[in-house]
Amino acid sequence: MAPTLSVKETTGNQSSWNTLLPDFPKGPLSKYRKKASFNWKEMAVFLDGEDIIRLKNRIFSALENDPFFARHAGEELSREKYQELTFLRCKRLFEYDFLTQQEIIENPLKILNLVICIGMYDWSPCLQFFLHCGVFGGTVLSASKRFADFVKKIYNMEIFGCFALTELSHGTNTKGIRTTATFDHNTQEFIINSPDFEAAKFWVGNMGKHATHAVVYAQLYTPDGQCQGLHSFLVQIRDTKTLLPMPGVMVGDIGKKIGQNGLDNGFAMFHNVRIPKENILNITGDVSPEGKYSSSFTDVKDRFSAALGSLSTGRILITAVSATNLKLALSIAIRFSATRRQFGPTDEEEIPVIEYQTQQWRLLPYLAAAYALDYFSKSLFENFVEFYAGLLTKQKSQRQADLGREIHALSTASKPLSSWTAQQAAQECREACGGHGYLAMNRLGEIRNDNDPNCTYEGDNNVLLQQTSNYLMSWMNCIRNKVPFESPLGTINFLQDYHHIIGWKFKANSVDDCMDSSVPLAAYKWLVCYLLRESDLKLRKEKQSGHSDFEAKNNCQVYYCRSLAIAFVEQTVLQRYHDYTHDPDIPSTLQPVLKNLSALYGLWSLSKHLAVLYQGGYVSGEQVGRFIQNAILELCSRLKDDAVALVDVFAPPDFILNSPIGKASGELYKNMWAEILQGNKVLNRPSWWAEFCINKPVTGRLSSRL
Ligand SMILES: CCCCCCCCCCCCC/C=C/C(=O)SCCNC(=O)CCNC(=O)[C@H](O)C(C)(C)COP(=O)(O)OP(=O)(O)OC[C@H]1O[C@@H](n2cnc3c(N)ncnc32)[C@H](O)[C@@H]1OP(=O)(O)O
Ligand SMILES: Cc1cc2nc3c(=O)[nH]c(=O)nc-3n(C[C@H](O)[C@H](O)[C@H](O)COP(=O)(O)OP(=O)(O)OC[C@H]3O[C@@H](n4cnc5c(N)ncnc54)[C@H](O)[C@@H]3O)c2cc1C
């Protein structure tokens, strides 16, 4: 499968790289920077291109120089203040209008980079802005031209939007949504109604305090009493002049969350709220003035898929958002590890903790994952752009339909893979920084908590994986009957060789043989075929033993379909990264380190499946396990001296990263002191000092009340 993000010529020369990417201050990290096997500036320009780097610089410096985005050391914002500040920042993003439409059309990856740059600063204003412009705005935009006026109001912020699918009692099960939209042909209106409080819209970002309009998903009822299934409607929920609720709407904030507290997530109940007939977002169907339903989709299932199609955008974006969190956490932990010294071979000499094998093994595979997932998320985004162009031009070809299915199957597994990897990495990075990792000012807690909902929203990870395994299992008939098949992106094409691959065995005879990602890649191909065979057998057995389809499918998840989906997406990520890093056009100065990253990502990911590799007979004997383990350790050790330069490539400026222990200077202790001493009332005695100094407790006074 050819990589979709083509290998770029490294443009310019040392002096143009220096203009784009200034040197880091000299300090404790210089030692590792000098040891790197490659020039980090060349790598940054190679991976992103000069144009994207200029965009990133533009965004980062705008935020850094804007008082609305100022960081205040030690400041404890109340939730209300944080929500207000988030909104003010969101307004500034409108004012900056960082990208013109023309720029987006010329290079759609710029929109992804905009999301990443703002999110690196803080996910709350980023999500607020993109929920409005992207998720809400994008859904309205994809309906018919009759919303042109609304679209203008969205992009000049006359109105503010949210996307309301989830209800208090139904999130994942979208077919179970109970809000109704009943067409009244006498008044030419839809009546939006929440049957009870369990059907209240819930969790909706921007809805809590300020959204004026919502895309509301509801079951559409025509006057003949027929339910036509899930459709979306544009509903005004607050007055645009007063922000007070519209008649019949009860709307509010759901309360404090574990993270992302600048964002106001809300609930809404609709009491027979009437909206004009034109407000149905006629993406999958429409109603005539007489109340007759029409849809371009004859198949109900296809209509359902299309109704939820916009969710794929979010899932692809979340794959990139999570990879960004991975990069933030690693920038902090690796810079810390290269400067923090504990113990040493002699009493006189303490060594940086990154020199320890354990520290390398805990962090460097995540560094490799950050590179592989970053590449994958961008290439998947490019695939999506192709699909979206087809949607806009109303393409009805078989290829367009197949591409939609394939992108759905990929995004429903890449979001879980990326968000879980970032979740585990954030925790590992937190612990890798010891106690200092737990200090809020160093930001690892915020990164961990803000990343966490990536595992849940836009579909719970565990349930989404079922979509991917369903897709893979759907090829089983072709495989069994040896009917040729292929997919537009080619991600399942290797399954045509299923009968051959299933007989493969592990070939490497030494640790050296394992040092290239082709080794784990071959193992992954076998693993996917094996898990596909086992899942298919299990499903058939379950059905033969009299279980219903529902029960049979449920009984095939753990160790079967779930593992299949995970193995498949890991294989796909690795395949793309392997192809990319092995491209002969990669500069020879960069290729060795990129190949090491690819091999480490592949072997480390694969090592979590060792039990199944043994169980299915792909490997045997204790040697193979040892080869893989030793190859992982060898790659960690090879990458150790490159690690600081590898995070320099993607770390944002200090102001954006906002972590004293992660600063580019590596002046760990000076930076921490500077931050601590700027804190509010750090050296003051507490306001309640008298409670200790004067009002002493009478020991045992309350024991008689027990
Ligand atoms: C440019 C900027 C962009 C925006 C930037 C955004 C930034 C990042 C975003 C951050 C967002 C934060 C805010 C969060 C918002 C939300 O969470 S919104 C609510 C999201 N809710 C969900 O995601 C619900 C999850 N559930 C589902 O999607 C589905 O119901 C399901 C679990 C996937 C399936 O349910 P089920 O009833 O079991 O249906 P099936 O029988 O499996 O499906 C029927 C067929 O439909 C196909 N299908 C389903 N979804 C899609 C889709 N999205 N695309 C294409 N096809 C789809 C499915 O595959 C089935 O087809 P067959 O396999 O062929 O039968
Ligand atoms: C911060 C945040 C922001 C959000 N923003 C929005 C928004 O703007 N708009 C919006 O509409 N929604 C939003 N959501 C809601 C989000 O989309 C849902 O929470 C998500 O889709 C999961 O649904 P749920 O909460 O109902 O979980 P449930 O479906 O109740 O899941 C609970 C558990 O049951 C398991 N489970 C469920 N079904 C199955 C099954 N078939 N097989 C195996 N296990 C199963 C899941 O794995 C999960 O662990 C947001 C959520 C969060 C946390």
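Reply: Happy to. Ligand 1 is surrounded by 26 residues, and the closest of them are Thr172, Thr174, Ser305, Glu458 and Gln467. Please keep in mind as you look that this is a predicted model.

Let's begin with the polar contacts. A polar atom in the side chain of Gln467 sits 2.8 Å from an oxygen atom of ligand 1. The backbone takes part too: a polar backbone atom of Gly459 is 3.0 Å from a ligand oxygen, and at Leu308 a backbone N or O atom lies 2.9 Å from a nitrogen atom of the ligand. As for cover, ligand 1 on its own would expose 1300 Å², and the protein buries 81% of that.

Which elements build this shell? Those giving two or more residues are α8 (123-141), α10 (300-307) and α11 (311-339). Helix α8 supplies the largest share, with 5 residues. Sorted by class, the shell holds 11 nonpolar and 11 polar residues, together with 4 charged ones.

With a threshold of 30 Å³ or more, the model has 2 cavities.

The largest cavity has a volume of about 50 Å³. Its lining is made up of Tyr217, His231, Ser232, Leu281, Ile283, Thr284, Ala306 and Ala307. Two elements give two or more residues to this lining, β6 (227-236) and α10. In terms of class, the lining of the largest cavity has 5 nonpolar residues, 3 polar and no charged.

The second largest cavity holds about 40 Å³ of space. To find it in your viewer, select Asp402, Arg405, Glu406, Tyr471, Trp475, Glu486, Ser487 and Pro488, which line it. Helix α13 (residues 398-432) provides the largest share of that lining, 3 residues. Here the classes come out as 3 nonpolar, 1 polar and 4 charged.

If you go back to the ligand after that, Gln467 is a handy place to start, being listed among the closest residues and having its side chain 2.8 Å from a ligand oxygen.

Note on methods
Residues numbered from 1 in each chain as written. Chains lettered and ligands numbered in written order. Predicted model: local features only at pLDDT ≥ 70, side-chain atom pairs only at ≥ 80, totals over all residues. Heavy atoms only, no water. Near = heavy atom within 4 Å. Polar contact = N/O pair within 3.5 Å; in protein donor to acceptor, adjacent residues only side chain to side chain. Areas by Shrake-Rupley, 256 points an atom, 1.4 Å probe, with all protein chains shown as cover. Helix = DSSP H or I, 4+ residues; strand = E, 2+ residues; numbered from the N terminus. Nonpolar A, V, L, I, M, F, W, Y, C, P; charged D, E, K, R; others polar. 1 Å grid on protein atoms, 1.4 Å probe; cavity = no way out; pocket = protein on both sides within 12 Å on 5 of 7 lines; lining within 4 Å. Points joined across faces, edges and corners; volume = space filled by probe spheres on them.
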